[in-house]
Amino acid sequence: MFVMSDPIEEDKELNELIASNPEAAEVHQNFQAEMEFKAKLQAIRKKEALTQKEIAQRSGLSQQAVSRAERVQGTTLETVIRYLSSMGYILGIEKV
């Protein structure tokens, strides 16, 4: 059986959970940061006019590893560094 979800109601519930639970707020913040980072990886690759396959060839990673780096949780730091390095970028840290 399929159930239609209500995105507005889901957002409301998520915001209530985050407001009432500091641990949930931290998990949500970390998830958002990870998704933004992965979107940035993909944006850089596209700006450089490269395919995932080309990044794989340049970095020595598999195309699947490149895809995971852009989309799935659990990417290793080494993979991210090799991914960025293959385009001439470095990984940095900034204080927020």
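Helices here are DSSP runs (H or I, at least four residues), numbered from the N terminus. The model is a predicted one, in which local features need pLDDT of at least 70, side-chain atom pairs count only at pLDDT 80 or more, and totals for chains, interfaces and linings use all residues. Residues are numbered from 1 along each chain as its sequence is written, and side-chain values use heavy atoms, with hydrogens and water left out.

Is Leu61 buried or exposed? Leu61 has a relative accessible area of 11%, so this residue is buried (buried means under 20% relative accessible area, exposed over 50%, and partly exposed in between, with a 1.4 Å probe and protein chains only). Apart from neighbours within four places in sequence, Leu61 is in contact with Ala56, Val66, Thr79, Arg82 and Tyr83; contact means heavy atoms within 4.5 Å. Twelve residues along the chain from Leu61 is Gln73, and 17 Å separates the C-alpha atoms of the two.

## The two sides of H3

Now look at helix H3, which covers residues 52–59. Its buried residues are Gln52, Ile55, Ala56 and Ser59. They sit on the same side of H3 because they cover an arc of only 100° around the axis, an arc being that of the directions from the helix axis to the C-beta atoms. On the other side of H3 you will find Lys53, Gln57 and Arg58, which are exposed. The cover over the buried residues of H3 includes H2, helix H4 (63–71) and helix H5 (77–85).

Ser59 belongs to H3 and is buried, with a relative accessible area of 11%. What does its side chain reach? The side chain of Ser59 reaches the backbone oxygen of Ile55 at 2.7 Å. Not counting residues up to four places away in sequence, Ser59 also touches Arg82, Tyr83 and Ser86. After H3 comes Gly60, with a positive phi near 80°.

## A buried glutamate and an exposed alanine

Glu70 lies in helix H4 and counts as buried, at 6% relative accessibility. Its side chain makes a polar contact with the side chain of Gln52, at 2.8 Å. (A polar contact is a pair of N or O atoms within 3.5 Å; within protein, one must be able to donate a hydrogen and the other to accept it, and residues adjacent in sequence count only if both atoms are side-chain atoms.) With neighbours within four places in sequence left aside, Glu70 is in contact with Lys38, Gln42, Arg45, Gln52 and Tyr83.

Ala49 is placed in the loop between H2 and H3. Although Ala49 is not a glycine, its phi is positive, about 60°. Ala49 is exposed, with a relative accessible area of 62%.

## The largest pocket

How much space lies in the largest pocket? The answer is about 450 Å³. On a 1 Å grid over the protein atoms alone, a pocket is an open set of points where a 1.4 Å probe fits, with protein on both sides within 12 Å along at least five of seven lines; lining residues have an atom within 4 Å of a point. Grid points are joined across faces, edges and corners, and a volume is the space filled by probe spheres set on the points.

Helix H2 (residues 22–47) gives the most to this lining, with four residues. Among the lining residues are Phe37, Lys40, Tyr89 and Glu94. The lining divides into nine nonpolar, one polar and two charged residues, where Ala, Val, Leu, Ile, Met, Phe, Trp, Tyr, Cys and Pro count as nonpolar, Asp, Glu, Lys and Arg as charged, and the others, Gly among them, as polar.
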